[in-house]
Amino acid sequence: MKQVVEIFSDGACRGNPGAGGWGVLIRYGEAEKMLYGGAIATTNNRMELQAAIEGLSALTKPCKVKITTDSKYVLTGATEWMDNWKKRNWKTASKKEVLNTDLWLRLDELIQKHEVEWAWVKGHSGHTENEIADQLANQGIDELD
């Protein structure tokens, strides 16, 4: 059985919109890698998406991946909404442009390269890896200066 790469992703924003950060903890067996970054003017949803994108982008070859996020927006978008958005040329059911299409397109492109399973965890609930991802996201904001 192929070992699973675990990705724990989180986004944060101070003000929404405002300064934002993303954080990712990647675990493969005993190995761990932590990534983070930020943006001056962004939204929480964009940072949640960016975190998942950065986690997948760090993988150098096709993998079996489990992404754990506290963002229902990212989870539901990736597992339920995206197929219909693509069928409607990135429009919602009400024929409006999908928000953050640039990031959804990038996430979709990355998902196609891997066997991805999604999981949701309640944020700020003491889930160790989610707390680490949250700390990394906040570090991304702190280091924007």
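Visitor: Which residues of H4 are buried, and where on the helix do they lie?
Guide: In this predicted model, the buried residues of H4 are Glu129, Asn130, Ala133, Asp134, Leu136, Ala137, Gly140 and Ile141. An α-helix has 3.6 residues a turn, so residues three or four places apart point the same way. Viewed down the axis of H4, the buried residues fall within an arc of 160 degrees, so they line one face of the helix.

Visitor: What covers the buried residues of H4, and which exposed residues does the face turned away carry?
Guide: The cover includes strands S1 (5-15), S2 (18-28) and S3 (31-42). On the face turned away from the buried side, the exposed residues are Thr128 and Gln135.

Visitor: How are H2 and H3 oriented to each other?
Guide: The axes of H2 (residues 72-87) and H3 (residues 101-111) come within 11 Å and cross at roughly 90 degrees. Angles of 65 to 115 degrees count as roughly perpendicular. The two helices, H2 and H3, are therefore roughly perpendicular.

Visitor: Which residues of H3 does H2 meet?
Guide: From H2, the residues involved are Tyr73, Val74, Gly77, Ala78, Met82, Trp85 and Lys86. The residues of this contact divide into 7 nonpolar, 1 polar and 2 charged. On the H3 side, they meet Trp104, Asp108 and Ile111.

Visitor: Is Asn89, with its positive phi, buried or exposed?
Guide: Asn89 is found in the loop between H2 and H3, and its phi is near 55 degrees. Most residues other than glycine have a negative phi. With a relative accessible area of 60%, Asn89 is exposed.

Key. Residues are numbered from 1 along each chain as its sequence is written. This is a predicted model: local features need pLDDT of at least 70, side-chain atom pairs count only at pLDDT 80 or more; totals for chains, interfaces and linings use all residues. Side-chain values use heavy atoms; hydrogens and water are left out. Axes are lines fitted to C-alpha atoms, for helices over the stretch in contact, and angles run from 0 to 180 degrees between N-to-C directions. Helices (H or I, at least four residues) and strands (E, at least two) are DSSP runs, numbered from the N terminus. Angles under 35 degrees count as roughly parallel, over 145 as roughly antiparallel, 65 to 115 as roughly perpendicular and the rest as oblique. Contact means heavy atoms within 4.5 Å. Ala, Val, Leu, Ile, Met, Phe, Trp, Tyr, Cys and Pro count as nonpolar, Asp, Glu, Lys and Arg as charged, and the others, Gly among them, as polar. Buried means under 20% relative accessible area, exposed over 50%, partly exposed in between (1.4 Å probe, protein chains only). The arc is that of the directions from the helix axis to the C-beta atoms.
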